[in-house]
Amino acid sequence: MTNIDASGLDYRQLNAAIRDCAGDAAVTGCTGQRFIGAGLEQGRLTLSGTPGNALGAYLNGASIEVRGNAQDAVGDTMNAGRIVVHGSIGDAAGYAMRGGELYVQGDAGYRAGIHMKAYGDKLPVMVIGGKAGSFLGEYQAGGVIVVLGLTESTRPIVSNFPCTGMHGGKLFLRSDCKNILLPKQVIARPASHKDLDGIWTYLHTFCELFGGNCDELVQQPFTLITPNSSNPYKQLYVTN
Amino acid sequence: MSKLEGQIRIPSGCAISAVISRDGKRMSGEKIIESMKPMHDRSNGLGGGFAAYGIYPEYKDFFALHMFLEDLAARKSCEAFLRETMEIVHLERIPIRTIPAITNEPLIWRFFVSPLRSTLASMQIDEEECVTRAVMAINTRIKGAYVFSCGKNMGVFKAVGYPEDVGYFYRLEEYEAYSWTAHGRYPTNTPGWWGGAHPFALLNYSIVHNGEISSYDTNRRFIEMFGYKCTLQTDTEVITYIADYLLRKQKLSLEELASVIAAPFWSTIDRRPPQEQEKLRYLRKVFSSLLITGPFSIILGFEGGLMALNDRLKLRSMVVGEKDDKVFIASEEAAMRVMEPNVEHIYAPAGGEPVIVRVKEGKF
């Protein structure tokens, strides 16, 4: 494990230093450098400070752990590997993610998991411990998104317009979703034991990373949202 | 010769940052300049600027006109024009540092003025309206002159360059303000000229803006009916005039301003309590031409406070944090951490949710 002091380095220099040690590094003093660990295939990165936008973009197998918050576009188009954030994340996390895992202890901003997709053995997973902003899982085409709502605030577990244009994958909200307005082209139903068995590994990993107990987590009702194939998505902005 | 800003449109991001002391403690410009450094890549060197409130206590009763002037003849024309309606109590060049990063600077002057009582009486207008009209007249009619700041006890400092260089150029460490806003520009529609850098300001209102609004022409056509002149084809100018129109002329509150320019969707309004629904519908209907669509995150500076606001879809990033008496706002958390490593209560306001911070009464 190499120690890298990021203060004073721009994003090119910092990423070059990370590549030089094959991705095995503890980076301190991040101040908004973008693209940290982009496309990284191996190694374990531990970051402190505030990493910049597009953290772990196109990540391809490496593991990244952030001791604090992350900014926008975490795990953009990520393909494999794992990103763990011990804090909250900004907007558009996991955009078009098609593999790998993203675990967030706190809240997610707007547009988390939009355009997420799956293919063959590729199944992206995003677990958000807190609450999610508007447009969660917009145009989701595959993969699994789980929102646990564990942070204290007056906000709902997910804000406006979740799942708009969803046409694949699964979205779990740890809530009965009575106050959540969902679009017509999705089906929401209480998650069964069998459904929860399917995400048990992810919940287990979440609790291992951030503390907590899976059995207690599932005491609260979960809602499972999937696309409604008999009422497919046709329009959002205009009738045409 | 290449065309100037306002004469050409280039269809093709930005960084904003702010700090305010709720106790009215004055801070030098050093920290706000530092905050722009981690966001360097959000700008492209074609504009940077700062607004500072509380910097001219010795002239606090006078309007401080900051001007870009092409030559001395333009300064003389301005001076003569202003003397017709105003008393000029002091005028001087704004101190700058000559640095390689900032070139082709115009003459940069400030005039401290006060409208003549006789003028106000004969025209039946107040001093703010008098100054507004004079500024619009200079910016549209006097060749080679552009007023980019005209408030009391506040000022805008802007240039073509990266914001951290612009701050150094204007010697902002020598000013003390209870509130600062900053902007790094990545012009998307215009070539980038000194006047088009942010903040845009009218009277005590100033705006820094990250975004690209799609309602520019709708907004411009409406606002120009009320005497405002949009001279630069840049969207931030129109947002500044909308703020002045709704707050100063229509006497709306800041929250109401937010409900007009970042109005909630009809489907969102439907789910609010009945009384609130009625008010929101009224504002959307009466000021429908002032709805701003497209991505924006803005910080509005005003006397004694700041308001931060995102577009209703939240297509631009913005975070807020605080520590002791200070509140920080920035496009990126890293920028706040540079100003205050131990910033607390960090959160990202929702789209259309205004964050209003005021200095305690009597402290500014």
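These legends walk through several close-up views of a predicted model.

Local features are given at pLDDT of at least 70 and side-chain atom pairs count only at pLDDT 80 or more, while totals for chains, interfaces and linings use all residues. Residues are numbered from 1 along each chain as its sequence is written, and chains are lettered from A and ligands numbered from 1 in the order in which they are written.

**View 1. Chain B as a whole.** Let us start with the overall build of chain B, which has eleven helices and 18 strands. Helices (H or I, at least four residues) and strands (E, at least two) are DSSP runs, numbered from the N terminus. Along the principal axes, the C-alpha atoms of chain B fill a box of roughly 60 × 50 × 45 Å. Of the 364 residues in chain B, 52% are buried. A residue is buried if 20 or more other C-beta atoms, placed from the backbone, lie within 10 Å of its own, exposed if 12 or fewer, and partly exposed in between.

**View 2. The two domains of chain B.** Domain 1 of chain B covers 14–55 + 172–358, and domain 2 covers 57–152; such bounds come from an automatic or database domain assignment. The centres of the two domains, taken over C-alpha atoms, are separated by 24 Å. Their contact takes twelve residues from domain 1 of chain B and 15 residues from domain 2 of chain B. Here, two residues are in contact if their C-beta atoms, placed from the backbone, lie within 7 Å. On the side of domain 1 that touches domain 2, there are five nonpolar, five polar and two charged residues. In this grouping, Ala, Val, Leu, Ile, Met, Phe, Trp, Tyr, Cys and Pro count as nonpolar, Asp, Glu, Lys and Arg as charged, and the others, Gly among them, as polar.

**View 3. Strand β4 of chain B and its partners.** All seven of the seven residues of strand β4 (residues 63–69) of chain B are buried, so this strand is largely enclosed by the rest of the structure. F63(B), L65(B), M67(B) and L69(B) point one way, whereas A64(B), H66(B) and F68(B) point the other way. Strand β6 (residues 107–115) of chain B pairs with β4(B) in the antiparallel sense over seven bridges, with F111(B) of β6(B) opposite L65(B). Strand β7 (residues 145–149) of chain B is also antiparallel to β4(B), over four bridges, and V147(B) in β7(B) is the bridge partner of M67(B). Strands count as paired if DSSP finds at least two bridges between them.

**View 4. Around E176(B).** This residue sits in strand β9 (residues 176–177) of chain B. E176(B) counts as partly exposed because it has 14 C-beta neighbours inside 10 Å. Leaving aside residues up to four places away in sequence, E176(B) touches R26(B), M27(B), S28(B) and I55(B). From C-alpha to C-alpha, E176(B) and G151(B) are 16 Å apart in space, and they are 25 residues apart in sequence.

**View 5. A bent helix in chain A.** Helix α2 (residues 193–210) of chain A bends by about 55 degrees at I199(A). The bend is the angle between axes fitted to the seven residues ending at a residue and the seven starting there. I199(A), L203(A) and F206(A) are buried in α2(A). The cover over the buried residues of this helix includes β6 (101–104), β7 (125–128), β8 (141–147), β9 (168–173) and α3 (214–217) of chain A. D195(A) also belongs to helix α2 of chain A, but D195(A) is partly exposed, with 16 other C-beta atoms within 10 Å. After α2(A) comes G211(A), whose phi is positive, near 90 degrees.

**View 6. Parallel strands in chain A.** Strand β2 (residues 25–31) and strand β3 (residues 44–50) of chain A pair in the parallel sense over five bridges, with A25(A) opposite L45(A) in β3(A). β3(A) also runs parallel to strand β4 (residues 60–67) of chain A, joined by five bridges. In β4(A), E65(A) is the bridge partner of T46(A).

**View 7. Where chains A and B meet.** Here 16 residues of chain B are in contact with 16 residues of chain A. Helix α11 (residues 333–339) of chain B supplies five residues, the largest share of chain B's side. That side has eight nonpolar, three polar and five charged residues.
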